[in-house]
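I set out to record, entry by entry, what I looked up in this structure. The notes follow the order in which I took up each topic.

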Amino acid sequence: MSGIEVPVTAVRLGQEEEQLVLSVLRSGHLAQGPMVERLEAQFRELTGTAHAVAVDNGTTALVAAFQAVGLQPGDEVVTSPFTFVATVNAALEAGAIVRFADIGLDDFALSPSLVEGCITGRTRALVPVHLYGQAADMTALAPLAARHGLAVVEDAAQAHGATIGGRPVGSFGVGCFSLYATKNVTTGEGGMITTDDDGLADRLRLLRNQGMRARYEYELAGHNYRMTDLQAAVGIPQMARLDELTERRRANAAALTEGLADLDGLVVPREMAGRRHVYHQYTVRVTADAPLDRDALAKALAGAGVGSGVYYPRAVYDYDCYRGHPGVVVDHCPGAEAAAREVLSLPVHPHLTSVDVERVIAAVRRAFGA
Ligand SMILES: *Cc1c(COP(=O)(O)O)cnc(C)c1O
């Protein structure tokens with residue numbers, strides 16, 4: 001990455017994180033304990049749910065959610081073909097068969113009108129992905145799932161604090177968040193599951209801890225999905241600052257849009273009506289009307305010291321390991337395939353200066369000959 005002066009992600013942790021981690025180190029209590037409980041309380045507040053259950057990463061959060069809603073081998077889930085591979089891998093690990101409903105190019109998320117066609121007699125769960133920090137259309141998807149008796153497992157890995165209709169993601173069903181290094185809140189590795197369902201939360205806590213309720217009393221075949229107090233201590237101060245960090249992302253996004261919206265062949269991200277976008281990524285589309293293609297734009301930006309990223313270069317089913325997989329139903333999704341050709345994410349993280357943002361805008365405009 002030499003020569004990149006404005007990177008697409010940057011992690012900056014401060015004194016508060018250092019102090020809290022140090023206090024855990026000095027306490028000698030490193031495994032799941034009071035810090036994990038504090039982080040869980042912050043996620044209950046963020047999502048307005050009755051429960052939050054911390055786990056060791058976002059993929060685990062999805063696996064545990066699928067197990068807790070009672071997915072059985074051969075049960076089907078419907079999800080987005082335009083997502084990080086973890087969404088699919090977690091469903092497969094839970095024994096499910098994965099079908100894909102195509103996305104809309106406005107929000108890069110499940111298109112409600114296409115979901116119905118993927119529902120069969122074996123479908124048990126709908127898995128919307130709130131991609132790039134914007135909620136999928138839960139206003140339509142949640143009632144649709146309810147009509148068909150489907151569990152809703154939200155992949156909210158990129159969407160801490162996003163809302164739709166004033167309601168936070170992670171509160172529509174079972175919310176699965178990631179706290180990986182590049183996410184809007186990080187613990188290095190980590191995950192969080194949110195739910196209002198008491199029974200489900202109870203199963204999640206059992207699953208997380210070898211199925212054990214009281215010491216050596218096992219109620220189900222579980223696993224070790226626990227987060228450490230060291231990790232939680234890194235996340236707590238960021239959660240306290242999340243509103244401020246998100247507002248900086250939103251201000252950077254607004255400035256980028258202001259500087260780029262007039263370019264022919266460049267489609268800037270759209271905040272859909274009634275949704276609060278938290279801009280995990282600021283993702284433009286480079287269409288056929290542009291003077292250069294997406295990859296050429298990325299190269300031109302790199303030449304100007306500006307980082308960018310392609311999330312994601314292919315539809316998630318478009319790999320040999322899934323084409324031959326008995327758990328994956330590969331169906332051509334033209335929306336996802338167009339997005340994979342056209343998307344480019346530009347720096348929007350909260351540590352950009354206004355000079356950085358101007359530099360990103362200038363570099364894109366120059367590449368477009370504008
Ligand atoms: C990051 C991510 C995950 C997985 O989270 P990890 O913490 O990396 O395991 C799942 N889904 C999406 C959409 C993600 O971006």
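Entry 1. I began with Thr 139, which has its place in helix H6 (residues 138-147); helices (H or I, at least four residues) and strands (E, at least two) are DSSP runs, numbered from the N terminus. Thr 139 counts as exposed because its relative accessibility is 56%. I use buried for under 20% relative accessible area, exposed for over 50%, and partly exposed for in between (1.4 Å probe, protein chains only). I then looked up the separation of the C-alpha atoms of Thr 139 and Ile 164: 7.5 Å, with the two residues 25 apart along the chain.

**Entry 2. Basis of the notes.** I note that this is a predicted model, in which local features need pLDDT of at least 70 and side-chain atom pairs count only at pLDDT 80 or more, while totals for chains, interfaces and linings use all residues. Residues are numbered from 1 along each chain as its sequence is written, and side-chain values use heavy atoms, with hydrogens and water left out.

**Entry 3. A three-stranded sheet.** I found an open sheet of three strands in the order E7-E6-E11, with antiparallel pairing. Strand E7 (167-168) and strand E11 (275-276) are at the edges with a single partner strand each, so one side of each has no neighbour in the sheet. Strand E6 (residues 163-164) is joined to E11 by two bridges, and these strands run antiparallel. Two strands pair if DSSP finds at least two bridges between them. Opposite Thr 163 I located Arg 276 in E11.

**Entry 4. Strand E9.** Is E9 enclosed or open to the outside, and why? Strand E9 (residues 191-195) is largely enclosed by the rest of the structure, because five of its five residues are buried. I checked both faces: Gly 191, Ile 193 and Thr 195 are buried on one side, and Met 192 and Thr 194 are buried on the other. E9 pairs with E1 in the antiparallel sense over five bridges, and it pairs with E8, also antiparallel, over four bridges. Ile 193 is the bridge partner of Val 53, and Ile 193 is likewise the bridge partner of Cys 176.

**Entry 5. Strand E3.** Strand E2 (residues 76-79) pairs with E3 in the parallel sense over four bridges. Glu 76 stands opposite Ile 97.

**Entry 6. The nonpolar cores.** Which residues touch the most other members of the largest nonpolar core? Among its 46 residues, they are Phe 66, Val 77, Phe 82, Val 88, Phe 100, Phe 108 and Ile 193. A nonpolar core is a set of buried Ala, Val, Leu, Ile, Met, Phe, Trp, Tyr and Cys residues joined through side-chain atoms within 4.5 Å. The elements that give two or more residues to this core include strand E1 (51-55), helix H3 (58-68), helix H4 (86-93), strand E3 (97-100) and strand E8 (174-178). H3 gives the most, with seven residues. I also noted a second, separate core of 42 residues, which includes Leu 110, Leu 141, Phe 177 and Leu 242.

I then looked up the contacts (heavy atoms within 4.5 Å) of one residue. Leaving aside neighbours within four places in sequence, Val 88 is in contact with Val 98, Phe 100, Val 316, Tyr 322 and Val 328.

Entry 7. Phi of Tyr 132 is near 65 degrees, a positive value in a residue other than glycine. Tyr 132 lies in the loop between E4 and H6 and is buried, with a relative accessible area of 3%. Phi is also positive at Tyr 216, near 60 degrees. Tyr 216 lies in the loop between H7 and helix H8 (229-240) and counts as exposed, at 53% relative accessibility.

I recorded a cis peptide bond between Tyr 311 and Tyr 312, with omega about 15 degrees. Tyr 312 is in the loop between helix H10 (294-303) and helix H11 (320-323).

Entry 8. Leu 30 counts as partly exposed because its relative accessibility is 35%.
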